[in-house]
Amino acid sequence: MHKLISSLAATAAFALIAGGANAAGYPERSITMVVPFAAGGPTDTVTRLVAESMSKDLGQQIVVENVGGAGGTLGASQVAKADPDGYTLLLHHIGMATSATLYRKLPYDTLNAFEYVGLVTDVPMTIVAKKDFEPADMKGLVEYVKANADKITLANAGIGAASHLCGMLLMSEIKTSLVTVPYKGTGPAMTDLLGGQVDLMCDQTTNTTKQIKGATVKAYAVTSAKRLDALPDLPTVAEAGLPGLQVGIWHGIYAPKGTPADVTAKLSASLQKALKDPNVVARFAELGTVPVTDAEATPDGLKSKLESEVSRWKPIIEAAGQYAD
């Protein structure tokens, strides 16, 4: 009996040690980070920068997989159904919050289907137009749009996209409905804006900064609280008299519900290191954004942000009456 008890005790001890070693050894193979949008878009750009830096820190490759469609909900759904082992992650933007209202029949519970890793960055939006658009500044733009609402076209990258959300907020703030033109992605929308086929667009600095600097589009305002170092001459929406239009397209990393807490903690710590990586900081600056703080790049930081943003956007979307299903 004594030998049996000793044997069982030894087995239990070995199991505990082995379990601890497995947890401490994470990751032991490559990780897939799902981007719920097409390759080459603003969120894809942010993801690849962060994934590359986190890969170096974790010692395993983070493979970026683009699963676009349905305003980001297809990719989110795929991750929600994945094994909760830390090897499938999701990097999503503000659409994670707005989809909770935009889609009345989601295949997952937005606030409860995921574990939180942390916030990544909060990207400002810019209001831009075709380069020969008539209004000279934001005040003039608002007046011109109100007088010609039925003739002005406002492009977006599809329902649920950052440009769609910003466009809804713009129309809400100026109390004027415009002719919206949805595209299948940011690329086609920007192409038509550059070609003059559409008049206006509201999109992330990660997608517009290069065009603004190159004067291939006409920029009116940035939706951040302060002017951007990358675009110092571009006034803020508050300076232009529209403080309610201040909005950022924040990004966060999620894991399937049930992913062990020590795994999400390790991922969060790696994220914090990545956001201090000089290359990431420099590239973010070129794109008109900055990394979030260490306190925000945590499970609690992301959870708090998502909950507050679901509440903020729900009445705006319901008032617009634009649903994706």
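## Fold and aromatic pairs of a predicted protein chain

The protein chain holds eleven helices and nine strands; helices (H or I, at least four residues) and strands (E, at least two) are DSSP runs, numbered from the N terminus. Its radius of gyration is 22 Å, close to the 20 Å that the globule rule gives for 325 residues, so the chain is as compact as a globular protein of that length. Here the radius is taken over C-alpha atoms, and the rule is 2.2 Å times the number of residues to the power 0.38. Along the principal axes, the C-alpha atoms fill a box of roughly 90 × 40 × 30 Å.

A word on the source: this is a predicted model, in which local features need pLDDT of at least 70 and side-chain atom pairs count only at pLDDT 80 or more, while totals for chains, interfaces and linings use all residues. Residues are numbered from 1 along each chain as its sequence is written, and side-chain values use heavy atoms, with hydrogens and water left out.

Let us turn to the interior. Of the 325 residues, 52% are buried (buried means under 20% relative accessible area, exposed over 50%, partly exposed in between, with a 1.4 Å probe and protein chains only). Among contacts (heavy atoms within 4.5 Å) with a separation of 6 or more, 78% join residues 24 or more positions apart.

Now for the aromatic rings. Rings of Phe, Tyr and Trp (its six-membered ring) pair if their centres lie within 6.5 Å; planes under 30 degrees apart count as stacked, over 60 as edge-to-face and the rest as tilted. By this rule there are five aromatic pairs. Two of them are set out here.

| Pair | Centre to centre | Angle between planes | Class |
|---|---|---|---|
| Phenylalanine 114 and tyrosine 254 | 5.9 Å | 65° | edge-to-face |
| Phenylalanine 133 and tyrosine 144 | 5.5 Å | 85° | edge-to-face |

Phenylalanine 114 is buried at 1% relative accessibility, and tyrosine 254 is buried at 0%. Both residues belong to one aromatic cluster, formed by Tyr108, Phe114, Tyr116 and Tyr254.

In the other pair, phenylalanine 133 lies in the loop between β4 and α5 (138-147), and tyrosine 144 is in helix α5, eleven residues apart. Phenylalanine 133 counts as buried at 5% relative accessibility, whereas tyrosine 144 is partly exposed, with a relative accessible area of 24%.
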